[in-house]
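Morning, everyone. I have one structure to walk through, and I'll keep it brisk.

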Amino acid sequence: MILTARERAIYFDLLERSPSLGVVSLFIKTLNLPYSAGTWVDMREKRLEPAIIDDRISRSQLLKLLSDAEEFGHQNVFLFRCNVNAALQIVNENTLKGSLRKLERLDLLEKPPLVLGSANFQLTEVRLEPLAGSHRALIVKGLETREYWKKISERETNERKIKEYERRVERAVNVAKLYDDGLLEIRIQSYEQAADYVAALQSFWSHINPIIGQRSFEQLSLKRFKDYLIDNHAAFRSRITYAPIVAENEAGFTMALGVPNLGKSLFENDGASAGYEAFSQHEASIRTANFIWKKQATGKPSRDIHIRIAGNVNQFQLLVACERADYEHFFQELKDHCA
């Protein structure tokens, strides 16, 4: 099923906002199609458009490229868990279709709409995604628009100061991913300004609740993962940069340790290491921590991935734009030592 002319126009608009030309070229190359293009215009008119019209690139392949482009990076992520039986019931095609029929939105699974923007929150896609072995996950995606005001000029007269702002509307994508073992991650696209992410999480969950019922889940604490990273910092010297941290002991006293820049790792300094070691002996735990997974020659990850663990016990921030493979490389390590 090919995209209509209207859908293609929306698709190209969305695609040009997200990945680089290189990512799109690599995608087309994997399909054994002509892939070189120096500009977005050439990519659209000489590569994508002809291949789509001739049905050499399927709708599902195009949606996969878009999901890879817009579902990862600059997010606040919340982790939850339910028991395996509950997860298997939810991550079940028949159960899923039944839930979507009640919502009269079976199209979300069978033919997801391409939506550029929406004044109100809108579900845009539901899919079952295969994982390693016979496992799979359920992904539910929603769209909202956010409005920001950006100052573009400022001038003064003898009696007045005049500031001019330009309104900007941003397309924000939120994603829930439930693994069939019971792990749930909900990714809320980060705001440009300070925001209440717990309220944003609850708002998103209220929309997806008919598909992924909130009552089945409890928070999954990141404490084990933080402790694992801190306790093994010597072993991770070549892979992880330890940036600013804030520790707190049971009496409520805190210790903040910073770095001169993000190219320096906290535990490379003897004074910082000794200071944290002394403080941690008195029932102290990490309240806020920054970890940067360094780009590796193996390509895993292909760029630095900056994670901040802060806020709720089950919350972390992904502070950079990244590709799916890089996010999943980091997240697998989190799952192995937390979930």
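Start with Cys322. It is buried, at a relative accessible area of 9%. Buried means under 20% relative accessible area, exposed over 50%, and partly exposed in between, with a 1.4 Å probe and protein chains only.

Before going on, the ground rules. This is a predicted model: local features need pLDDT of at least 70, side-chain atom pairs count only at pLDDT 80 or more, and totals for chains, interfaces and linings use all residues. Residues are numbered from 1 along each chain as its sequence is written, and side-chain values use heavy atoms, leaving out hydrogens and water.

Now disulfides, meaning pairs of cysteine sulfur atoms within 2.5 Å. The structure holds 0. For Cys322, the nearest cysteine sulfur belongs to Cys338, 18 Å away. For Cys338, the nearest is that of Cys82, at 15 Å. Cys338 is buried too, with a relative accessible area of 4%.

Next, helix H9, residues 223–231. Helices (H or I, at least four residues) and strands (E, at least two) are DSSP runs, numbered from the N terminus. Which residues of H9 are buried? Phe225, Lys226, Leu229 and Ile230. They cover an arc of only 130° around the axis, so they sit on the same side of H9. That arc is taken from the directions from the helix axis to the C-beta atoms. On the other side, Arg224 and Asp231 are exposed.

Last, the backbone. Most residues other than glycine have a negative phi, and most peptide bonds are trans. Lys300 and Pro301 are joined by a cis peptide bond, with omega about 0°. Pro301 lies in the loop between S9 and S10. Glu283 has a positive phi, near 55°. Glu283 is exposed, with a relative accessible area of 55%.
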